[in-house]
Amino acid sequence: MVEILLATYNGERFLPEQIESILNQSYTDFKILASDDGSNDCTPEILRVYKDLLQDKMSLINADSHSARENFYNLLDRADTEYIALCDQDDFWEKDKLKKGIAAIKTLEDKHGKDMPVLVHSDLMIVDECLNSQNKKMSAITGINKALKYADKSDSCQNLYILNNKKSFSSYLVENNITGNTVIFNKALLKLYKRPKLSFMHDWWLGILAFSFGKVGYIDEPLVKYRQHGQNELGAKSPLEIDNIKKRDKERVRKNYDAMFAQVEEFLRLYKNEDCQNSDTAFAYNILKVFANMKNKNRISRIFDILRYSFFKSSLILTIGEMLNI
């Protein structure tokens, strides 16, 4: 059974298409848990219509969180199935999205056991409001292609790469390449989940958890059409695009780095008593502590740590910017 966690807020324009793409999945052993964050459009009515149609296959809850991040945490707090998939309200899932995600997770579980926490994510195709392709994949923006240089290709699951924790984790702390609306993970990871008081985004938090205690897989194939419109909370935006460079706000950049530090400090606080006997987990803890301690150092010492521990972003320009702003 897969539990699909659907977070909504004023999503009436695109929500029906997203739900229909779920109902048309080739993998049918799923249920939907939807959480609406106080929508003032027709979103609640749309959810109730589908609830009446799907009966026990869909459940609804209300949230008062005022952010997509906290709305997803509300859902994660209530999740309790063998596999969990995250779902935004305005995208479109390819027919085999769940089937290929489950196959990837089971490949890793077969190798490492079902007690191994596993998270799998995939590429996305960027589309416009009408789902027309923009001839661009999300992998061109997130920097995941750099991580794949250190990944192991699966022999048994097509397009599946297993990311190398020791070579990918440092970069992941400064640049999230896991897009939440593609994520699917197992119950072993859910059991480790603790709701943070401080975090950058829910997908980044789950990625740190998976890298620290389990395995992260990436399906090098677009399994979601990532719709771009005026209300995207984040969207598919490259920091190196001219328009984004012109709009760059130094104060916001500084706040983002402060949020990265706060996220890691919160992780260390919540998981300080977890078992670190596994070599990968011990390595992750060490990297997390080094990163958190950078906050108290001067600029030269921070740059030294960036170089020593490979806290590199996906391009040299972005890494130089990091050195100047962190």
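This is a predicted model: local features need pLDDT of at least 70, side-chain atom pairs count only at pLDDT 80 or more; totals for chains, interfaces and linings use all residues.
**View 1. Threonine 319, a buried spot in helix H14.** Here we're zoomed in on helix H14, which covers residues 316-325 and holds threonine 319. With a relative accessibility of 7%, threonine 319 counts as buried, because the cut-off for that label is under 20%. Its side chain reaches the backbone nitrogen of lysine 313, at 3.0 Å. Looking past the neighbours within four places in sequence, you'll find threonine 319 in contact with Ile306, Phe312 and Lys313.

**View 2. Isoleucine 317, an exposed residue in helix H14.** Staying with helix H14, this one picks out isoleucine 317. Isoleucine 317 comes in at 59% relative accessibility, so it counts as exposed, the label for anything over 50%. If you'd like a reference point elsewhere in the chain, take leucine 15: its C-alpha is 38 Å from that of isoleucine 317. In sequence, the two are 302 residues apart.

**View 3. The hairpin of strands E6 and E7.** Now for a pair of strands: E6 (residues 118-127) and E7 (residues 133-137) run antiparallel, and two bridges join them. Across the pair, methionine 125 stands opposite lysine 137 in E7. Five residues sit between the strands of this hairpin.

Methods:
Residues are numbered from 1 along each chain as its sequence is written. Side-chain values use heavy atoms; hydrogens and water are left out. Helices (H or I, at least four residues) and strands (E, at least two) are DSSP runs, numbered from the N terminus. Buried means under 20% relative accessible area, exposed over 50%, partly exposed in between (1.4 Å probe, protein chains only). A polar contact is a pair of N or O atoms within 3.5 Å; within protein, one must be able to donate a hydrogen and the other to accept it, and residues adjacent in sequence count only if both atoms are side-chain atoms. Contact means heavy atoms within 4.5 Å. Two strands pair if DSSP finds at least two bridges between them.
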